[in-house]
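Dear colleague,

Please find below the sequence and structure that I am handing over to you.

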Protein chains: 2
Amino acid sequence: MPAGDGDTIGNAEIGDRRETGTLGKLMLLLDIVTHADAPMRFTDILAVAGQPRGTLHRQLSHLSEEGLLEVDPDGRYAPGLRLLELASRSWARNEFRLIAEPHLRSLQQLTGETVHLGVLRGTSVIYLDKVEGRQPVRMYSQIGNASPVYCTGVGKAALSILPDARVRALLADVSFQRFTPSTHTAGTLLAELAEIRRSGNAFDREEHEVGIRCVAAAIHSEDLSFVGGISVTGPAYRLTSERLDDWAEPVRQTAQSIMSDMRIGLGPRR
Amino acid sequence: MPAGDGDTIGNAEIGDRRETGTLGKLMLLLDIVTHADAPMRFTDILAVAGQPRGTLHRQLSHLSEEGLLEVDPDGRYAPGLRLLELASRSWARNEFRLIAEPHLRSLQQLTGETVHLGVLRGTSVIYLDKVEGRQPVRMYSQIGNASPVYCTGVGKAALSILPDARVRALLADVSFQRFTPSTHTAGTLLAELAEIRRSGNAFDREEHEVGIRCVAAAIHSEDLSFVGGISVTGPAYRLTSERLDDWAEPVRQTAQSIMSDMRIGLGPRR
DNA sequence: CCGATAGTTCCATTATTCAGAACTCAATTT
DNA sequence: AAATTGAGTTCTGAATAATGGAACTATCGG
């Protein structure tokens, strides 16, 4: 039995054969290796990749030569540093992040809790930035992380601004996993989205992780090419219901400010 | 004139034609787009990529479809979120980082300054981790950043443990850029490496950035498949010469501890 | 020393990619 | 409004690189 949970790999990735030729096959390999929780040996990859040995060997060689994978002396494959390098540049220059950053900071100042910026991608939320309080910061701890839409404040806020048809289409591809007793199912989620639309705030009351709550609001471009949100997150004992309610307004306000900056920064074409 | 400084792109990347077929060409495009300081239009990329239009169009489509690039409504290409996602997973599971982390923390505690973990890749140092002090200072993602070998503590420490022939070969590919009055040139660097080898510590006295100093020590696996270092970095007014000397020993010690953990964690094959 | 497991190289076949041109669409110019 | 330019997209036979099967070479355990 190979290392890594080979079948948790690509909830959405696997199955839909993309039209990306050679690249698609290589990306699948990258996904396999980055999802594994330990470096994989050639044979381990062979077992899940569904490619002939010769082919796989060449593909892995190319990926390694480009630094996307790293081969240790025992011939085990791990994700390569080139990925970090590319991501670091892409993060540092991300327009949305740059625009949102000062606003996230002031929201952090106001609340004293951790503030997140996330964006909807496919059926996941990807965190683009994070501003923490005083504690020593674990940098990538959250940034770049893909989390489920249906049980995160940012995810639900993002869904709330999509037209109903698109929400349904999107949720069809999601397998609802029960993380805590309060985690949503397909049915309860749709009901809550209506509520979020009205109030302008999404809450996560220990739906993803026990003991963690948050209040969020959506951020989106007019044409919905960008759909995401921001949230204030913290431990349940500090984020009481009253607290969450108190912060609902400032979170909405901050989201508004970011959106208006986005229109200035990105709106006027060129 | 296209956006971005198209010729600063790949000091080391451009020129050496790698044997990675299709992948190599696609990676070149990724490099172009991630290095640009603003999203690039099709034509901008066309100008620097040296590919026929039809070809380039398909390549960019594939990259976008895979989420490695993102196309905004105006048809401009920016690095995609998929990169963050891949990097985040790869970072979270990186063996060296995981092993080093607790040691970096205690070194940070001891010194109160920022501690870095970096690794040598080609002619650059890539930062793998960073532990900061209490300041609400930006966690400004140093992580994943590629910095020159010849003017960073970690870089010089790393070079110091390589055999002289390899150092020379490596430096041949480096174009020494003068960042500050103290930045090394090819000649002075080799001399310093000898000194570093003896003492076990590398220093950066405002060679990369005015006002920033650091003391570093090398970390490497026995077979040199991993070559990097750690450093304590801070503002010159706090990191006086005496301070740097005081911390030289603990930095060496920490490097030692990490190396011995690496042997336990990675040494016994399988 | 043998058999087995793991990884690598080879090469005819086949599928992708290539390069150039033709085409569409929108914004400018005349 | 018609013509022109610029930007991006689609199409096609020809060129190239990827494929898959098999043969080859370690390396390991007994």
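Two strands are taken to pair if DSSP finds at least two bridges between them. The model is a predicted one, and in chain A six strands form an open sheet with antiparallel pairing, in the order β6-β5-β4-β9-β8-β7. Its edge strands are β6 (146-148) and β7 (202-205) of chain A, each of which pairs on one side only. On average, neighbouring strands of this sheet are turned by 35 degrees against each other, direction ignored.

Within the sheet, strand β4 (residues 114-121) of chain A pairs with strand β5 (residues 124-131) of chain A in the antiparallel sense, over seven bridges. Here A:Leu120 stands opposite A:Val125 in β5(A).

Two helices that pack on the sheet should be noted. Helix α6 (residues 153-160) of chain A touches β4, β5, β7, β8 (212-220) and β9 (227-235) of chain A, and its direction makes about 30 degrees with that of β8(A). Helix α4 (residues 81-92) of chain B touches β4, β5 and β6 of chain A, with its direction at about 75 degrees to that of β5(A).

A further helix contact involves α1 (residues 21-35) and α2 (residues 42-49) of chain A, which pack at an angle of about 120 degrees with their axes 11 Å apart. The two helices are therefore oblique to each other, and α1(A) passes α2(A) in a right-handed crossing. At this contact, A:Leu29, A:Ile32 and A:Val33 in α1(A) meet A:Ile45, A:Val48 and A:Ala49 in α2(A). The contact residues comprise six nonpolar, no polar and no charged.

With kind regards

How values were computed: Residues are numbered from 1 along each chain as its sequence is written. Chains are lettered from A and ligands numbered from 1 in the order in which they are written. This is a predicted model: local features need pLDDT of at least 70, side-chain atom pairs count only at pLDDT 80 or more; totals for chains, interfaces and linings use all residues. Side-chain values use heavy atoms; hydrogens and water are left out. Helices (H or I, at least four residues) and strands (E, at least two) are DSSP runs, numbered from the N terminus. Axes are lines fitted to C-alpha atoms, for helices over the stretch in contact, and angles run from 0 to 180 degrees between N-to-C directions. Contact means heavy atoms within 4.5 Å. Angles under 35 degrees count as roughly parallel, over 145 as roughly antiparallel, 65 to 115 as roughly perpendicular and the rest as oblique. A crossing is left-handed if the near helix is turned anticlockwise from the far one by less than a right angle, and right-handed if clockwise. Ala, Val, Leu, Ile, Met, Phe, Trp, Tyr, Cys and Pro count as nonpolar, Asp, Glu, Lys and Arg as charged, and the others, Gly among them, as polar.
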